[in-house]
Amino acid sequence: EGGVYMSHVEKCKASLGTVNKDLLEATLKVVCEIYGVELAQTIDSKYQGANLQTHNGNRFIAAIRTENCPEGVGVMITNDGKLEFAYDYDGHRSAQREIMDAIDKNYKALAIGLALKKTGFKVKNTETLGNGLHIHAVR
């Protein structure tokens with residue numbers, strides 16, 4: 001009577017425009033520090049197997065796995081420079097969303113901090129707070 005249980009890898013575009021790879025790598029390090037994890041290279045899917053390195057032919061530049069999201073979220077940059085995520089559709093959805101949001105917010109925070117530095121400000125502190133960003137910068 002039981003049906004076949006299948007899960008698949010889903011792709012999601014980030015809200016960011018074209019991303020800078022160096023800034024993204026710095027962002028991923030920050031997000032790993034927040035979660036207390038090492039940067040990974042693969043994700044798992046209940047249906048497609050463990051240690052996936054690609055999705056639809058696109059290789060992950062990195063992945064983040066946390067205690068609440070052991071299957072991980074894969075990070076890809078498209079040919080036109082856009083950020084995309086890949087994750088197991090039947091995985092830990094709220095934890096997956098939390099990781100993607102952390103990448104999005106921290107990328108924006110680092111980008112704003114970099115822009116402020118280029119315009120003569122000293123950035124003392126950049127952090128994400130709830131749904132917002134807090135950047136302490138002085139001239």
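This text walks through the predicted model from the whole chain down to single residues.

The model is predicted, so local features need pLDDT of at least 70 and side-chain atom pairs count only at pLDDT 80 or more, while totals for chains, interfaces and linings use all residues. Residues are numbered from 1 along each chain as its sequence is written, and side-chain values use heavy atoms, with hydrogens and water left out.

Start with the whole chain. Its C-alpha atoms fill a box of roughly 70 × 30 × 25 Å along the principal axes. Two helices and ten strands make up the secondary structure. Both kinds of element are DSSP runs, numbered from the N terminus: helices are H or I with at least four residues, strands are E with at least two. Read from the N terminus, the order is β-α-β-β-β-β-β-β-β-α-β-β.

Next come the surface and the contacts. The accessible surface is about 8,300 Å², and 48% of this belongs to carbon and sulfur atoms. Such areas come from the Shrake-Rupley method with a 1.4 Å probe; for residues, only the protein chains shown count as cover. Of the 139 residues, 37% count as buried. Buried means under 20% relative accessible area, exposed means over 50%, and partly exposed lies in between (1.4 Å probe, protein chains only). Among contacts with a separation of 6 or more, 53% come from residues 24 or more positions apart. A contact means heavy atoms within 4.5 Å.

Charge is next. The chain has 17 positive and 17 negative side chains. The centres of the two sets lie 11 Å apart. Lys and Arg count as positive, Asp and Glu as negative; His and the chain ends are not counted. The place of a charge is NZ of Lys, CZ of Arg, CG of Asp or CD of Glu.

Now turn to the sheet. Four strands form an open sheet in the order β1-β8-β7-β6, with antiparallel pairing. Its edge strands are β1 (9-18) and β6 (62-66), each of which pairs on one side only. Neighbouring strands here are turned by 25 degrees against each other on average, direction ignored. Two strands pair if DSSP finds at least two bridges between them. Helix α1 (residues 21-35) lies across β6, β7 and β8 (82-88). The helix runs at about 10 degrees to β6. Axes are lines fitted to C-alpha atoms, for helices over the stretch in contact, and angles run from 0 to 180 degrees between N-to-C directions.

Follow β7 through this sheet. Strand β7 covers residues 69-77 and pairs with β6 in the antiparallel sense over four bridges. Two residues lie between β6 and β7 in their hairpin. Ile-64 has Val-73 as its bridge partner, and Ala-62 has Val-75. Five bridges join β7 to β8, again antiparallel. Val-75 stands opposite Phe-85 in β8. The hairpin of β7 and β8 has four residues between the strands. Gly-81, in that turn, has a positive phi of about 85 degrees. Strand β7 is mostly covered, with seven of its nine residues buried.

Val-73 belongs to this strand. Its relative accessibility is 1%, so Val-73 counts as buried. Strand β2 (residues 43-45) and strand β3 (residues 49-52) pair in the antiparallel sense over two bridges. Three residues join β2 to β3 in this hairpin. Ile-43 stands opposite Leu-52 in β3.

Two partly exposed residues complete the tour. Asn-58 sits in strand β5 (residues 58-59). Its relative accessibility is 30%, so Asn-58 counts as partly exposed. Beyond neighbours within four places in sequence, Asn-58 is in contact with Gln-53 and Met-76. Asn-58 and Met-76 are 18 residues apart in sequence and 7.0 Å apart in space, C-alpha to C-alpha.

Asp-90 lies in the loop between β8 and α2 (93-118). Its relative accessible area is 24%, so Asp-90 is partly exposed. His-8 is 82 residues from Asp-90 in sequence, and their C-alpha atoms are 7.2 Å apart in space.
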